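I set out below my notebook entries on one model. Each entry records what I looked up and what I found.

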Amino acid sequence: MDKELRRLFRPVVLLLLLIFVFATILHLLCHAEGRDVPFLRCLYMVVISVSTIGYEDMIQTTGSTTLSIVNMVMILTSMVLVAYAISNFTAFLVEGHLHKYFLRKSLLKRIQKMEQHYIICGVKDIGIFVAKEFFETKRPFVVIDDSPAAIEALRQEIPSLVHIEGDATDDHLLAQAGIQKARALIACLDNDKENLYLVMAAKELNKNLQIAAKFISPKNRQKLLNAGVSCLVSPNMIGGMRIASELLRPQVVSFLDRMLRSKTESGVRVEELVVPENSPLIGKTLLELHQKTGILAISTYDCQKQDYQYNPSPAQPITTGTTLIYIASPDQRLALEKII
């Protein structure tokens with residue numbers, strides 16, 4: 001059970017326990033005074049006293065000093081517990097915990113239905129741009145971050161955001177994010193140590209998981225590779241190369257930017273796809289692919305020759321294992337993935 005619900009139900013459980021204990025005490029005291037009072041009547045007496053209904057004195061406590069004292073202690077104690085329970089419930093509503101609880105349950109149900117999705121850990125800086133790109137290209141993803149402010153800021157831009165609030169290195173949260181069925185994980189935490197620990201935890205839960213991570217210090221690069229990272233990105237190096245490219249080849253940078261960050265309705269991107277075995281496209285030409293899907297292949301990669309074919313001929317046949325590099329909108333990409 002969630003911490004918020006435990007906090008909500010704790011006074012309720014204590015109140016129920018109090019009712020049972022005082023009913024037992026009253027029952028034993030009545031027997032000690034030589035009166036045969038059923039336990040159910042004592043329980044009923046406690047319930048109507050705690051609920052302030054007070055129909056009548058069911059066990060004649062006014063005739064016994066001990067019973068009267070116990071009854072007074074019970075009433076005072078129950079009043080405190082009831083006030084505590086009400087204040088907890090009020091705080092639960094006012095602070096929005098109830099809404100958060102049901103939202104979390106709804107999001108977890110959505111995650112359970114996901115397969116081959118991406119898990120983005122950390123959206124305070126780089127991660128927020130990763131999430132936006134996945135959203136714009138219609139990729140399924142889950143965000144994990146321990147900052148409510150960072151998640152809320154991203155939700156303002158992506159209202160349908162699927163997220164989990166908490167420590168991304170926690171095995172339980174990674175399991176909730178569907179790491180066993182995930183396609184890849186992106187480690188964008190605050191520092192290299194946290195990213196390294198995250199990579200190790202993720203690999204332990206899913207050995208076949210692809211992992212991309214950012215790194216700050218060059219001395220930690222090899223450590224992350226040894227831990228199982230598939231690809232590494234240095235924000236400092238990318239930033240430096242971008243500044244140089246802006247000055248040396250501004251139109252090329254502008255073209256690539258449009259391919260990577262287009263905000264138009266079409267959302268055209270440069271994409272890639274590996275042709276699997278038994279694909280219906282095997283044996284077809286790139287021209288036939290274009291005629292069927294409208295997709296333009298700008299390059300192919302032969303994994304056997306380990307070489308790229310730039311501006312390939314329209315008559316080039318599609319073979320198993322070939323990586324197609326093409327320009328397409330998100331809808332065209334999804335259509336091609338279904339066909340292939």
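The entries cover the source, a core residue, the cysteines, a sheet and the aromatic pairs.

**Source.** I worked from a predicted model, in which local features need pLDDT of at least 70 and side-chain atom pairs count only at pLDDT 80 or more, while totals for chains, interfaces and linings use all residues. Residues are numbered from 1 along each chain as its sequence is written, and side-chain values use heavy atoms, with hydrogens and water left out.

**Leucine 185.** I located leucine 185 in strand E4, residues 184-187; strands (E, at least two residues) are DSSP runs numbered from the N terminus. Leucine 185 counts as buried because its relative accessibility is 0%; buried means under 20% relative accessible area, exposed over 50%, and partly exposed in between, with a 1.4 Å probe and protein chains only. I listed its contacts (heavy atoms within 4.5 Å). Leaving aside residues up to four places away in sequence, leucine 185 touches Ile119, Cys121, Leu174, Ile179, Leu198, Ala202, Leu209, Gln210, Ile211 and Ala212.

**Cysteines.** I searched for disulfides, defined as pairs of cysteine sulfur atoms within 2.5 Å, and the structure holds zero. For cysteine 42, the nearest cysteine sulfur is that of cysteine 30, 4.7 Å away. Cysteine 42 is buried, with a relative accessible area of 0%. For cysteine 231, the nearest cysteine sulfur belongs to cysteine 188, 10 Å away. Cysteine 231 counts as partly exposed at 39% relative accessibility.

**Sheet.** I traced an open sheet of four strands in the order E7-E10-E8-E9, with antiparallel pairing; two strands pair if DSSP finds at least two bridges between them. Strands E7 (269-274) and E9 (307-310) stand at the edges with a single partner strand each, so one side of each is left without a neighbour in the sheet. Strand E8 (residues 296-302) pairs with E9 over four bridges. Aspartate 302 stands opposite aspartate 307 in E9.

**Aromatic pairs.** I recorded five aromatic pairs. Rings of Phe, Tyr and Trp (its six-membered ring) pair if their centres lie within 6.5 Å; planes under 30 degrees apart count as stacked, over 60 as edge-to-face and the rest as tilted. One of the pairs joins phenylalanine 134 and phenylalanine 141, tilted, at 6.2 Å centre to centre and 55 degrees between the planes. Both phenylalanine 134 and phenylalanine 141 are buried. Tyrosine 301 and tyrosine 308 form another tilted pair, 4.7 Å centre to centre with 50 degrees between the planes. Tyrosine 301 is partly exposed at 22% relative accessible area, and tyrosine 308 is partly exposed at 40%.
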